[in-house]
Amino acid sequence: MPVLLFLIDTSASMNQRSHLGTSYLDIAKGAVETFLKLRSRDPASRGDRYMLVSFEEAPAGIKAGWKDSHATFMTELRNLQAVGLTSIGQSLRTAFDLLNLNRLVSGIDNYGQGRNPFFLEPAIIVAITDGSKLTSSCGVQDELHLPLTTPLPGSELTKEPFRWDQRLFSLILRIPGHTSSDPEPMGGVPLDPSPITPMCEVTGGRSYSVFSQRMLNQCLESLVQKIQSGVVIHFEKTGPDPPPTEGKGRPEMKHGPQSWHSCHKMIYVRPNPKTGVPVGHWPIPESFWPDQNSPTLPPRAAHPQVKFSCVDSEPMVVDKVPFDKYELEPSPLTQYILERKSPHTCWQVFVCNSAKYGELGQPFGYLKASTALNCVNLFVMPYNYSVVLPLFDDLITVHKFKPPAKWRQSFENYLKTVPPYYITYVYIHNCKYSTPYG
């Protein structure tokens with residue numbers, strides 16, 4: 001059930017008129033209505049939830065929230081007036097807080113217990129503004145600043161105001177007041193240089209610089225396609241680059257960081273076709289070893305930092321031991337992996353400081369090109385899977401679920417090396433398959 005939150009600039013500058021004869025605010029309202037019509041073509045839109053926030057100070061700026069109907073949303077949209085300041089930082093904070101309010105009740109963020117991609121509440125924030133100077137009661141600002149403090153309980157557990165399943169996109173209206181004789185640029189819609197653009201990119205979204213109604217419609221169609229169920233992860237290389245693959249010759253040597261070394265992209269979390277709800281088994285580990293004596297948890301980054309090693313490894317799967325598979329959004333990293341044409345090897349992934357000892361931690365899965373070489377998947381397995389999967393295999397195929405004392409001792413030794421919250425997941429699957437792990 002995706003949440004679509006529209007953040008509309010209601011500053012006085014939105015009263016300016018384009019050469020079409022309509023004000024920027026009217027264009028923004030029309031854009032929202034067009035977006036809703038485009039989205040309604042998808043049967044999945046029946047589960048959408050719509051919210052509306054303006055640039056007024058909270059709580060007045062929250063026009064349609066969690067408990068408001070679609071009819072309320074449409075009424076409030078049509079009644080918006082452009083009379084205030086361009087206080088986009090505070091308004092963005094209000095939007096994120098509104099989205100995160102429900103997470104406090106659901107416990108979806110699972111703090112201190114690992115991050116479950118299959119526990120998500122995907123949200124897209126669409127900000128529509130004219131990109132003018134950022135004005136507030138404190139004066140004019142050159143950069144976008146979000147308030148660091150919020151009355152929302154639990155917000156201190158995440159370093160950023162957003163979460164890994166929330167992305168910000170902005171439509172910056174640049175439609176001129178007079179018709180231009182210059183030809184309209186063709187191709188993709190460019191990024192906008194406004195202060196909101198870095199914030200969009202940090203969340204995994206982007207900005208659009210809109211110079212015409214045609215470009216606006218193009219952006220809206222693009223945005224509708226971006227309503228995907230998934231979470232954003234920061235992938236970063238650790239260790240040396242891989243050697244050239246066999247039969248491809250020696251590649252051109254490139255010095256310094258490459259674009260595929262560090263990618264901030266989404267993994268798609270597909271819902272179960274029967275239930276419509278994502279299903280998963282294993283978490284992505286926390287970037288710390290839980291301290292039972294600490295009264296507080298260290299704050300986590302909104303997007304997990306996942307390291308990948310370019311050492312070719314053998315993919316591992318054991319019958320009756322579940323794993324999770326997520327497709328990566330296309331990126332320089334997926335392109336690089338696919339170009340290597342090595343679908344039978346994989347690169348292990350880690351979260352730093354997830355183990356009790358050792359900075360890199362133990363592998364919790366791997367990146368692997370699909371057999372057809374048309375996508376790259378992230379496989380999420382039990383923590384330190386390269387040790388425990390052979391144990392599971394012996395338990396199933398050799399010991400027929402009747403483990404001897406030596407096996408039990410090996411398994412107990414393994415459990416001492418994994419974060420404590422993983423033990424819960426292990427025993428859940430223990431009960432599921434009636435396997436007496438010890």
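1. **Ground rules.** The model is predicted: local features need pLDDT of at least 70, side-chain atom pairs count only at pLDDT 80 or more, and totals for chains, interfaces and linings use all residues. Residues are numbered from 1 along each chain as its sequence is written, and side-chain values use heavy atoms, with hydrogens and water left out.

2. **Overall make-up.** The protein has 9 helices and 15 strands. Both are DSSP runs, numbered from the N terminus: helices are H or I with at least four residues, strands are E with at least two. Of the 438 residues, 51% are buried (under 20% relative accessible area, with a 1.4 Å probe and protein chains only). Take the contacts (heavy atoms within 4.5 Å) between residues at least 6 apart in sequence: 78% of them join residues at least 24 apart.

3. **The α1–α2 pair.** Helix α1 spans residues 24-39 and helix α2 spans residues 70-78. Their axes come within 10 Å and cross at roughly 155°. That makes α1 roughly antiparallel to α2 (angles over 145 degrees). Axes are lines fitted to C-alpha atoms, for helices over the stretch in contact, and angles run from 0 to 180 degrees between N-to-C directions.

4. **What meets there.** From α1 come K29, V32, E33 and L36; from α2 come H70, F73, M74, L77 and R78. By class, the contact has 5 nonpolar, 1 polar and 3 charged residues.

5. Two strands pair if DSSP finds at least two bridges between them.

6. **β11 and its neighbours.** β9 and β11 run parallel, joined by 5 bridges. β11 and β13 pair in the antiparallel sense over 2 bridges. There, K307 stands opposite F350 in β13.

7. **β12 and β15.** These strands, residues 324-328 and 376-380, pair in the antiparallel sense over 4 bridges. K325 stands opposite F379 in β15.

How values were computed. Parallel < 35°, antiparallel > 145°, perpendicular 65-115°, else oblique. Nonpolar A, V, L, I, M, F, W, Y, C, P; charged D, E, K, R; others polar. Buried < 20%, exposed > 50% of the residue type's maximum accessible area, 1.4 Å probe, protein only.
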